[in-house]
Amino acid sequence: MSPTVTPIAARTIRIGSRKSQLALVQTYWVQEQLQKAFPERTFEVHTMSTQGDKILDVALAKIGDKGLFTKELEVGMINGDIDFAVHSLKDLPTHLPEGLVLGCVTERENPADALVVHEQHKDKQLDTLPQGAIVGTSSLRRLAQLRHHYPHLSFKDVRGNLNTRLAKLDAGEYDALILAAAGLQRLNMADRIHQFIPAEISLHAVGQGALGIECRGDDAEVLLLLKALEHKPTAYRCYAERSFLRSLEGGCQVPIGVNTTLEGDQLTLLGIVISLDGQKVAKDSVTGLATEAEALGLELAQRLRQQGAQEILDEILATVQRS
Ligand SMILES: NCc1[nH]cc(CCC(=O)O)c1CC(=O)O
């Protein structure tokens, strides 16, 4: 018989989240999974507005991306107001503030972008949208890659949450939108997905479709709890993607796209850097051990630099700052 020990009350774990509908769905999912894995613990959700939620009238490419959707949550973790934050991994910068780490990457949904069309185009695909059709996207990555393949389409910036964007489409402001399939799926709007955009046409954003959970690097207890939600195959893929992006010093607002596949222990990372007019392209792939994910990302970045990726990125930086 072991002696009876009065347990020390376990600390309540405070989860930080943005207030957007997508952020909340994702955060409550994390809370539920953790609650199932650790029924004796208490997990509370604390919401905060981030800069990215407040500035809705300026193109994302112009505000930049240095933690636009993450900074307030990070300050909360550093101050000890919250214990960890749930992010769409693609919104989490590749350089984290001192003291914070990417503690967990969850299983990825389909990382592809999706075409959503106005009712009048319901019999069309990307290939058959008419000359001059207005395609809404706030991402330079989507813009550049689609312009490369479909120079006859027009591209127009669109901001706001998913519902706002879809309302603008339905009101006729756009003929089609390009959105992350994962966001639509998580919000139970998968029925709006008209076509998954194939990787041959447009590579997705780094980390797209996965959740990234950020926490304090010295919080061993939280790091251990989060391990219950880690999906290793997704994590390897996303580490490679993030290492590639970090090396090119691009944020989520640069025309850098990726695609990863994992077969056994072999990880293949495909990446593109493309000019805004869709004319200059640096594209290549690398394959190697998944456990060497970060090295693969660096190697691919090095290859693309040899194909002129840095010049493409420097030119874009100059254009975006000037306009
Ligand atoms: N940029 C905003 C954002 N951040 C995450 C998602 C969707 C979900 C995901 O990619 O994990 C979206 C919407 C979109 O790009 O359409």
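This is a predicted model: local features need pLDDT of at least 70, side-chain atom pairs count only at pLDDT 80 or more; totals for chains, interfaces and linings use all residues.

Gly103 counts as buried, because it has 22 C-beta neighbours inside 10 Å, and 20 or more is the cut-off for that word.

Where does Gly103 sit? Its place is in strand β4, which covers residues 100-105. Leaving aside neighbours within four places in sequence, Gly103 is in contact with Phe84, Ile213, Glu214, Cys215, Val222, Leu223 and Leu226. Take Cys215 from that list. Gly103 and Cys215 are 112 residues apart along the chain, yet their C-alpha atoms are separated by 5.9 Å.

Which residues does Val273 touch, leaving aside its neighbours within four places in sequence? Val273 is in contact with Leu248, Pro255, Ile256, Ala282, Leu304, Ala309, Ile312 and Leu313.

Now the whole protein. The secondary structure comes to 11 helices and 13 strands. The radius of gyration is 20 Å, close to the 20 Å that the globule rule gives for 323 residues, so the protein is as compact as a globular protein of that length. Its C-alpha atoms fill a box of roughly 80 × 45 × 40 Å along the principal axes.

Buried residues make up 44% of the 323. Of the contacts with a separation of 6 or more, 73% are between residues 24 or more positions apart.

Definitions and conventions: Residues are numbered from 1 along each chain as its sequence is written. Two residues are in contact if their C-beta atoms, placed from the backbone, lie within 7 Å. Helices (H or I, at least four residues) and strands (E, at least two) are DSSP runs, numbered from the N terminus. The radius of gyration is taken over C-alpha atoms; the globule rule is 2.2 Å times the number of residues to the power 0.38. A residue is buried if 20 or more other C-beta atoms lie within 10 Å of its own, exposed if 12 or fewer, and partly exposed in between; C-beta atoms are placed from the backbone.
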